[in-house]
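Let's take a walk through this structure together. Keep the 3D view open and look up each part as we get to it.

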Amino acid sequence: MAKKLYIKTYGCQMNAYDSERMADVLAPLGYVSVEEPDGADLVILNTCHIREKAAEKVFSELGRLKRLKAGGRSMILAVGGCVAQAEGEDILKRAPQVDLVFGPQTYHRLPELVARAERERGIGVLDIDIAPEPKFDHLPETGVRGPAAFIAVQEGCDRFCTYCVVPYTRGGEYCRPPDEVLKETRHLAETGTCEITLLGQNVNAWKSGDWGLGRLIRAVAATPGVRRVRYTTSHPAHVDEELIRAHAEEEKLMPYLHLPVQSGSDRILKAMNRGHDADDYRLLAHRLKQARPDLALSSDFIVGFPGETEADFQATLDLIDEAGFVLAYSFKFSPRPGTGAALLSGQVPEEVKSERLARLQAKLISIQHRWYEEMVGQSMDVLFDRPGRHAGQLLGRSPFMQPVHVKAPAELMGSIASVRITKGHANSLAGILAAA
Ligand code: SAH
Ligand code: SF4
Ligand code: F3S
């Protein structure tokens, strides 16, 4: 009999990828994914530890699930992902309703872990080993995905930005060999995927022998059936000549790049241990746009890093204009256990962080709004990858990753069509099919 699996995913795209892979691992055991935890046999929270708020969400969800569990069926409740890795045993103590805690590098062992959790109910099973290598060696073939799919090519991080938990929750950098990545690419392309996003915590640090990410992108793009390639998330210090050339020459590499800079202040960038200054970034943005003039750049920003003055913050606002970002995500600095920045003096008061975040976001919203407005009247290729909200509508993505709502026949699902943009909304575009 089919068993019901409910996975709730928090955090980044790597976690989204991992959740899909967990479902792949559990499929041979008869687990079928469902949309609600109610009545599920196995509930997995795939968690994120990046900021305090993200981590705390997990415990409120565990509270809700405790009531659900008390109310009836014999559900197995599991916590995976980065909070599991960081807090391990403490989760079992703080939330005894949890049957299983497993880290991002152990989910290939889910079948045996779940079996143990079933046998040893009430005890709490823990597996947070951190070497990533064995996981990729033991994962089954990827299940069928939609028109756009992820492939993890690199995991973990050796950079140790002083604010960041990722090197601790994901472990050191590991690169998957090209033949493995290309095999996964062929399999996805044969089963209907035409847009591939190469994923890594620090994806452009990917290397294998004399291959760098630029070469891997070209090889993925050359796979029959692949029409679009993207990669995320990259670090400015690892953008090399080969990668810039790929942007210039590989037409299937899409003209949208998320390349976080975090701050525009050299002093703060140094304290963050980013390994580059603001001018390095300006120059890089310039070189990338020379290689690919229509390239749209986006970033992440942290406000209120310890020691950040009004002048440092102003430097961030200035860099936004100079680098020409089309959009960005911004966060208040959150001191994380075990990271260097949490211990620095000069922690910025909460009110100051909130005030700076509000100013930054007001600026970013107007920039994004302007960019979306500029699209009106343009025609662009849209990959339809989801049904729309209304009947007769499809939702697709532009080359620049914007969601586009279009009235289109269902047969166009999974294909790329030219769309004329008619309206810009806050976070999406509306368009009509351009006459063939
Ligand atoms: N590996 C990626 C993303 C890391 S996490 C990279 O290197 O860019 C995603 C974003 O969360 C970061 O870019 C950063 O802006 C933000 N972030 C990470 N740690 C944070 C912290 N302690 N407080 C606030 N924001 C943080
Ligand atoms: Fe975190 Fe920095 Fe590594 Fe990104 S590069 S995952 S921000 S340590
Ligand atoms: Fe969060 Fe872990 Fe991703 S901490 S951002 S889920 S790598």
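A residue is near a molecule if one of its heavy atoms lies within 4 Å of it. With that rule, ligand 3 is surrounded by Cys12, Asn15, Thr47, Cys48, His49, Ile50, Cys82, Arg170 and Gln201. To sort residues, Ala, Val, Leu, Ile, Met, Phe, Trp, Tyr, Cys and Pro count as nonpolar, Asp, Glu, Lys and Arg as charged, and the others, Gly among them, as polar. The shell around ligand 3 then splits into four nonpolar, four polar and one charged.

A quick note on what you're looking at: this is a predicted model, where local features need pLDDT of at least 70, side-chain atom pairs count only at pLDDT 80 or more, and totals for chains, interfaces and linings use all residues. Residues are numbered from 1 along each chain as its sequence is written, chains are lettered from A and ligands numbered from 1 in the order in which they are written, and side-chain values use heavy atoms, with hydrogens and water left out.

Now for ligand 2. Around it sit Cys157, Arg159, Phe160, Cys161, Tyr163, Cys164, Val166, Pro167, His235 and Arg274. That shell holds seven nonpolar residues, one polar and two charged.

On to the helices. Helices (H or I, at least four residues) and strands (E, at least two) are DSSP runs, numbered from the N terminus. Two packed helices are described by the angle between their axes and the distance between the axes. Axes are lines fitted to C-alpha atoms, for helices over the stretch in contact, and angles run from 0 to 180 degrees between N-to-C directions. Here are two pairs:

| Helix pair | Angle | Axis distance |
|---|---|---|
| α13 (residues 310–323) and α14 (residues 350–374) | about 10° | 11 Å apart |
| α9 (residues 213–221) and α10 | roughly 35° | within 7 Å |

Helices α13 and α14 are therefore roughly parallel (angles under 35 degrees count as such). Contact means heavy atoms within 4.5 Å.

Which residues of α14 are buried? Buried means under 20% relative accessible area, exposed over 50%, and partly exposed in between (1.4 Å probe, protein chains only). The buried ones are Lys353, Arg356, Leu357, Leu360, Leu364, Ile367, Gln368, Trp371 and Tyr372. Their cover includes β15 (296–303), α13, β16 (325–332), β19 (403–407), β20 (416–424) and β21 (429–433).

Over in helix α8 (residues 178–190) you'll find His187. With 15% relative accessibility, His187 counts as buried.

Most residues other than glycine have a negative phi, and most peptide bonds are trans. Yet Asn273 has a positive phi near 60°, and Met401 has one near 75°. Asn273 lies in the loop between α11 (266–271) and α12 (278–291) and is partly exposed at 36%. Met401 lies between β18 (393–397) and β19. As for peptide bonds, a cis one joins Thr232 and Thr233, with omega about -5°.

How values were computed:
Parallel < 35°, antiparallel > 145°, perpendicular 65-115°, else oblique.
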